[in-house]
Amino acid sequence: MAAASKASNKAGTSPVVIVYGGDEFLNRQGARERCRAACDARPDAELIGLDASSCDAYAFDEAVSPSLLSDVAVVSLTNLQNADDRLGDALIAYTKQAAKDPAHSSVVICRHEGGPKGKRVVDGMVRAGAERVQMPDLKKAEAKINFVYQRFDREHRRIDPAAAQQLVSVLGERTGELAAMCSQLCFDFDDDPITIDRVNQYLTANPQVTGFMVADRAVAGDAAGAIVAMRSAIEQGTDPIALIGALAMKMRTMAKASAVKMGRITKAEAKTNPWVLSNAERQLPGWTSQGMSHCIRMLAWADEQSKTNGGDAVYALERSIESIAAKGRR
């Protein structure tokens, strides 16, 4: 009991936080919210983004050290699971140091995708005083429905169980779009609770809010229509990252369909709904491997732009949509 109490007292006070595992959208959102809170608490701090897949111990030490701009920084470190041994040792050493003087230390918010990779670093940081925040995975239907209820609670609103189930049935595999849809329903309608009729009205009357409509128009070669739908979705509250995710999923499905058609993998190995795979196969004419690779790289760039201060996610989305509509030739 004493140990549990001690751990509880430590949680929330450490300047080093590990946002661990769970649903990718929630993991990203959890880290983003903690970075925002840290920046609000320390308005003079410099916000620095690092990726453990590519940065080294020197870059990390430089980021958390005083600079000409600020005595402290808020460091957002992604892909903690990919940290090499030297970076891992630097993270553990800094966590120990920061625990002795949290008020005057730089804040470090780490994202870890979950799983056993990087366990030594995570365990070492936690022992040194880091706070580990386990994110929910939303794999079960009940967890997804509870997520919908929580999103409405955040807006001080309610939703009927049947309406929540309908949202999960349509968007349950796309957490970012599901979250955006909950916010949009609260913004557009005053009903409390939101009913299934409102949900159905919204889904059918405003299909442009779903990223998969944007993706379908882009793959069909309708760049103008896809861009108009994308801008409408963003105006209605859809996070650009959700649209990027929908486009990326579409391209991954197209790549799988191409691999199946060429005999590189079987339909079973594609692990994709047969109807979705068949539809993607019908959309393959005109595509090349180089074109798909180019579009996937464009979406990776758009994803980076959406997560980087000063990046223009909407511009990157437009460029990506134009490339997809041109089958990667632009």
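**Entry: charge over a ring.** I count a charge as sitting over a ring if NZ of Lys or CZ of Arg is within 6 Å of the ring centre and within 35 degrees of the ring normal. By that rule I noted Arg132, whose charged end sits over the ring of Tyr20 at 3.8 Å from the ring centre.

**Entry: what I am working with.** This is a predicted model, in which local features need pLDDT of at least 70 and side-chain atom pairs count only at pLDDT 80 or more, while totals for chains, interfaces and linings use all residues. Residues are numbered from 1 along each chain as its sequence is written, and side-chain values use heavy atoms, with hydrogens and water left out.

**Entry: aromatic pairs.** How many aromatic pairs does the structure hold? I found two. Rings of Phe, Tyr and Trp (its six-membered ring) pair if their centres lie within 6.5 Å; planes under 30 degrees apart are stacked, over 60 edge-to-face, and the rest tilted. Phe60 and Tyr94 have ring centres 5.8 Å apart and planes at 85 degrees, so I wrote them down as edge-to-face. This pair links distant parts of the chain, since Phe60 is in helix α3 (residues 57-64) and Tyr94 is in helix α4 (residues 85-100), 34 residues apart. Helices (H or I, at least four residues) and strands (E, at least two) are DSSP runs numbered from the N terminus. Both Phe60 and Tyr94 are buried. Buried means under 20% relative accessible area, exposed over 50%, and partly exposed in between, with a 1.4 Å probe and protein chains only.

I then looked at Trp301 and Tyr315, an edge-to-face pair with 6.3 Å from centre to centre and 85 degrees between the planes. Trp301 belongs to helix α15 (residues 289-307) and Tyr315 to helix α16 (residues 313-325), 14 residues apart. Trp301 counts as partly exposed because its relative accessibility is 27%. Tyr315, at 41%, also counts as partly exposed.

**Entry: nonpolar cores.** A nonpolar core is a set of buried Ala, Val, Leu, Ile, Met, Phe, Trp, Tyr and Cys residues joined through side-chain atoms within 4.5 Å. The largest one has 34 residues, and Ile109, Phe147 and Leu185 are among those with the most contacts inside it. Elements that each supply at least two residues of this core include β1 (16-20), β4 (107-112) and α6 (141-154). Which element gives the largest share of this core? It is α8, with six residues. Another core, of 30 residues, lies apart from it and includes Leu243 and Leu317.

**Entry: cysteines.** A disulfide is a pair of cysteine sulfur atoms within 2.5 Å. I found zero disulfides. Cys55 counts as buried because its relative accessibility is 12%.

**Entry: backbone.** Most residues other than glycine have a negative phi, and most peptide bonds are trans. The peptide bond from Asp192 to Pro193 is cis, with omega near 15 degrees. Pro193 lies in the loop between α8 and α9 (196-205). His156 has a positive phi, near 60 degrees, and its place is in the loop between α6 and α7. At 72% relative accessibility, His156 counts as exposed. Lys327 has a positive phi near 60 degrees and is found in the segment after α16.
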